[in-house]
Structure formats: structure tokens, C-alpha cells
Amino acid sequence: MDRLQIPLPAYTSAWENDEVRMFRKTVAQFIEKEFVPHQARWRENRGPDPEAWLGAGRAGILLADLPEEYGGGGGTFAHEAVVLEELARAGVHFGSAIQSTVAHYIVGYGSDEQKRTWLPRLARGESVAAIAMSEPGAGSDLQAIRTGARRDGEHYVIDGSKTFITNGARADLVCLAAKTDPKIGMRGISLLLVDTRELAGYRVGRALEKIGMHGQDTVELFFDDVRVPASSLLGGDGVKNEGRGFAQMMEQLPYERLQIAVGAVAMAEQAVALTTRYVKERKAFGKPLFDLQNTRFKLAECKANAHVGRVFLDSCIERFLAGRLDDASTAMAKYWLTESQCRIVDECLQLHGGYGYMTEYPIARMWADSRVQRIYAGSNEIMKELIAWSL
Ligand SMILES: Cc1cc2nc3c(=O)[nH]c(=O)nc-3n(C[C@H](O)[C@H](O)[C@H](O)COP(=O)(O)OP(=O)(O)OC[C@H]3O[C@@H](n4cnc5c(N)ncnc54)[C@H](O)[C@@H]3O)c2cc1C
């Protein structure tokens with residue numbers, strides 16, 4: 001997909017300094033050369049090529065906002081945002097955002113050993129990470145998860161299953177939410193860093209058939225009497241690290257939601273840009289579609305909405321960089337920007353006519369890909385609850 005920009009000469013994001021702009025150039029070139037040509041195969045295989053992870057590691061696009069001492073890029077969320085924007089503009093779905101999310105859990109709460117073991121591998125793309133919270137019986141209501149991690153001497157014994165897990169097909173590191181105390185709700189949940197390599201009783205289910213995002217793997221995971229060392233507990237072995245999972249997820253989910261908001265705005269902008277080009281080329285009744293007032297008005301609305309979204313997102317990014325972004329604003333960003341993304345992409349599809357319904361056209365794939373943005377990482381209904389708590 002061409003990477004187009006809506007011309008906005010009077011506006012640049014304040015968080016994008018010269019160094020971040022240079023990084024963007026490197027990231028964009030890498031994605032264009034190494035990822036874009038293989039998208040049809042990724043979609044057919046329902047996931048990226050395994051080598052894509054190593055390539056991304058070499059190019060420095062994994063863990064861009066993690067300290068260099070752990071192998072990360074040493075950047076800030078601005079660098080992470082650039083990666084997400086360039087992937088979205090190129091129409092590439094690659095689970096680097098999840099990789100970063102899991103790395104943030106490890107940096108935030110992991111033991112020194114966990115940091116040393118996992119972070120450099122994740123940064124190099126030698127390991128792939130997934131985060132496994134959702135279960136067949138519990139998505140929004142995370143307190144209700146049933147996967148258990150029972151202590152048995154120097155081990156935890158894990159039983160249960162997870163569903164909808166992004167990166168799950170290849171993940172050798174699963175950050176797993178499980179009940180270490182099944183008798184209680186949120187305080188019984190712990191996170192475990194499960195090394196899935198040659199792990200008896202662990203099984204990856206079939207690739208789930210989604211309506212979009214076909215280039216990214218989403219699977220079920222099964223744990224049947226799986227024994228992991230007690231040191232797998234996030235933070236390391238020790239009672240004090242049990243039961244902290246729910247609070248840790250609540251602390252880290254805003255990061256994931258902001259990542260989603262970044263992708264939402266980038267895709268909306270890209271949809272407007274490529275639709276503008278399309279309607280200037282496509283003719284009906286002897287003139288370009290762009291000459292019809294309805295087309296111009298619809299695109300004007302889309303551009304205005306995308307730009308209002310951009311300015312709000314930039315404000316959120318700046319506040320996040322300054323450590324001042326509150327949870328209600330993050331929820332607003334995730335909720336409003338993904339709703340806006342879906343509306344814009346839908347209008348842009350309409351302006352493509354029948355071609356907009358053909359999956360060989362990027363706008364058709366964007367339409368299918370964008371829908372889930374309103375559902376995962378906390379559905380938009382849950383976002384409204386979070387916003388309402390601040391009222
Ligand atoms: C493509 C894809 C990738 C995903 N990747 C991951 C992943 O990597 N890791 C992971 O753990 N999960 C992942 N998920 C799961 C995702 O986070 C959940 O689907 C989401 O949290 C919703 O949970 P649910 O599907 O169980 O829906 P439910 O919780 O059953 O909700 C169904 C409907 O009820 C609404 N609802 C629920 N509770 C309330 C409430 N209190 N008030 C108002 N409305 C409510 C919801 O908004 C929704 O509209 C992924 C999902 C998809 C589709």
C-alpha cells in the first residue's frame with residue numbers, strides 16, 4: 001500500500017523532533033522493503049514470516065522505547081508511536097506493539113533475572129511475546145478468569161485455556177494472567193512469564209478465522225497440567241509477587257490503549273489520503289468523482305475528523321511523555337479515536353464504490369481490519385465506564 005500523507009502544512013506533531021523524524025525514515029524504509037512485498041503471503045499464512053521478527057530486531061523497530069541497557073532502542077513513546085504509525089500507513093499488521101507491551105510489564109515488575117533473560121531476546125526478535133488475559137468465558141470481566149496456577153513445591157501447575165491471543169502462534173514467551181488463588185477475584189490474579197519452549201502440556205490451537213487482520217496470528221492457547229518454575233512469577237518467586245496481576249494489568253493497559261489510538265489515527269489519515277487520490281482519478285458522468293460536491297464534502301468531513309483526532313492524540317502523547325496522562329483521557333483516546341477511525345474508513349470505502357468491497361483494494365482491508373479496534377484491549381463500552389468513573 002502506498003504510504004500517503006494528507007497535506008497538513010500548517011501542522012506538525014510537537015513530539016516529533018528531528019531525531020524522531022530520522023527514525024521514522026529508517027522505519028518507513030524498512031517496512032516498505034522488508035514487510036510490504038510479503039503481505040499477501042503473511043495473510044495467506046495467517047501470520048508474519050518467522051524471519052520478520054529477526055529482521056525487525058536488526059532494524060531497531062522492536063522495543064523502540066525501552067532502555068538500551070536491556071537491548072531496547074533507548075527512545076521514548078514517540079519512537080514507539082512512529083513504528084505503529086508507519087505499520088498502520090503501510091497496512092501491515094505485525095505484533096511489535098504486543099512485544100513492547102510485554103517488555104513494559106517485565107521492565108516495570110520483573111526481577112533482574114527476568115529482565116536479563118527476556119528483554120534482549122525480545123529486542124533482537126529472537127523471542128516473540130504474547131499477552132494472554134482473555135479466556136473463552138472472560139474477556140471484559142477479567143476478574144472471572146479461570147486459568148489456575150497452583151503452587152506445588154518449586155513449581156506452579158497451570159491449567160486452563162486462553163483465546164484470541166495475538167502473536168500466540170509463535171510466542172515463546174507468554175505473559176499469562178492466572179489465578180494463584182481461585183477463591184478470590186481480582187486479588188487472586190497473578191502474572192507469570194511462561195517460557196513455552198518444549199513445555200509439556202502446553203498447546204497452541206488453530207489459527208482463528210477473523211474477518212480482518214489476516215497477516216497477524218491470533219490463536220487459542222491450552223495449558224494442561226503445565227509445570228513451570230516458581231521463578232516464572234512476574235517479579236520472581238515470592239509470596240509478595242502473588243496476587244498483583246490485576247493491579248499490574250490496570251497500570252499497563254493504558255500504554256496498550258494509547259498504542260491502539262496511535263494506529264487508529266494513522267489509519268484514518270491514510271484512508272483519507274488514498275481515497276482523495278482515488279476520487280481524483282476515477283470518473284463518473286464524464287468527470288472525476290472529486291468534482292461531485294458530495295464527494296468533496298464527505299472527504300472534507302473525514303479530513304476534519306482525522307485532524308481533530310490527530311490533535312487530541314498528540315496532546316495525549318505529549319502528556320504521556322511527560323508522565324501526566326490520566327486513565328480517563330487514555331480511555332477517551334482509545335474510545336473516540338477508534339470510533340472515528342471506523343467511521344472515516346467506512347465513508348472512504350463508500351467513495352470507492354464496488355471496488356471498495358474488493359479485498360485487493362487497501363480500503364477494503366482497512367475496513368475489515370479497523371473493526372476490532374473498538375473491541376480489544378478493553379472494549380469501547382468498558383472505555384466509557386472508565387471515563388464515567390472520572391465524572
Ligand atoms: C483480533 C483480536 C485480538 C485480540 N488479542 C488479544 C490478546 O493478545 N490478548 C488477550 O488477552 N486478549 C486479546 N483479545 C481479546 C479482547 O481483548 C476481548 O475480545 C475483549 O476484551 C472483549 O472481551 P470478550 O470478547 O470476552 O467480550 P465480552 O466481555 O463478552 O463483551 C461482549 C459485549 O458486552 C459488552 N460489555 C461487557 N461488559 C460490559 C460492561 N460492564 N458494560 C457495558 N458493556 C459491556 C462489551 O463491550 C461487548 O460489546 C483479542 C481479541 C481480538 C478479536
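Asp237 counts as partly exposed, because its relative accessibility is 41%; buried means under 20% relative accessible area, exposed over 50%, and partly exposed in between, with a 1.4 Å probe and protein chains only. Asp237 lies in the loop between strand S7 (218-229) and H7. The model is predicted: local features need pLDDT of at least 70, side-chain atom pairs count only at pLDDT 80 or more, and totals for chains, interfaces and linings use all residues. Residues are numbered from 1 along each chain as its sequence is written, and side-chain values use heavy atoms, with hydrogens and water left out. Helices (H or I, at least four residues) and strands (E, at least two) are DSSP runs, numbered from the N terminus.

**Surroundings of Asp237**

- Leaving aside neighbours within four places in sequence, Asp237 is in contact (heavy atoms within 4.5 Å) with Arg151, Glu154, Ala230 and Ser231.
- Asp237 and Arg41 are 196 residues apart along the chain, and their C-alpha atoms are separated by 42 Å.

**Strands S2 and S3**

- Strand S2 (residues 148-152) pairs with strand S3 (residues 155-166) in the antiparallel sense, over five bridges; two strands pair if DSSP finds at least two bridges between them.
- Within this pairing, Arg150 stands opposite Val157 in S3.
- S2 and S3 form a hairpin with two residues between them. Gly153, in the turn, has a positive phi of about 65°.
- Phe164 is found in strand S3. Its phi is near 65°, a positive value in a residue other than glycine.
- Phe164 is exposed, with a relative accessible area of 58%.

**Strands S4 and S5**

- Strand S4 (residues 173-179) and S5 pair in the antiparallel sense, over seven bridges.
- Ala177 has Leu191 as its bridge partner in S5.
- Six of the seven residues of strand S5 (residues 189-195) are buried, so S5 is largely enclosed by the rest of the structure.

**Helices H9 and H10**

- The axes of H9 and helix H10 (residues 362-370) come within 9 Å and cross at roughly 155°. Axes are lines fitted to C-alpha atoms, for helices over the stretch in contact, and angles run from 0 to 180 degrees between N-to-C directions.
- That crossing angle makes H9 roughly antiparallel to H10; angles under 35 degrees count as roughly parallel, over 145 as roughly antiparallel, 65 to 115 as roughly perpendicular and the rest as oblique.
- H9 and H10 cross in the left-handed sense. A crossing is left-handed if the near helix is turned anticlockwise from the far one by less than a right angle, and right-handed if clockwise.
- On the H9 side, Gln341, Cys342, Val345, Asp346, Cys348 and Leu349 meet Ile363, Ala364, Met366, Trp367 and Ser370 in H10.
- Ile363, Ala364, Met366, Ala368, Asp369 and Ser370 are the buried residues of H10. They pack against H7 and H9.

**His352, between H9 and H10**

- The loop between H9 and H10 holds His352.
- His352 counts as buried, because its relative accessibility is 4%.
- Leaving aside neighbours within four places in sequence, His352 is in contact with Leu274, Thr275, Tyr278, Tyr361 and Ile363.

**Helix H11**

- Asn380, Met383 and Ile387 are the buried residues of helix H11 (residues 380-389).
- They cover an arc of only 45° around the axis, which puts them on the same side of H11; the arc is that of the directions from the helix axis to the C-beta atoms.
- The buried residues of H11 pack against helix H7 (245-281) and helix H9 (327-351).
- Exposed residues Glu381 and Trp389 sit on the face of H11 turned away from its buried side.

- Glu19 lies in helix H1 (residues 18-35). Glu19 counts as partly exposed, at 46% relative accessibility.
- Leu63 is found in the loop between helix H3 (50-59) and helix H4 (77-90).
- Leu63 is buried, with a relative accessible area of 0%. Phi of Leu63 is near 55°, a positive value in a residue other than glycine.
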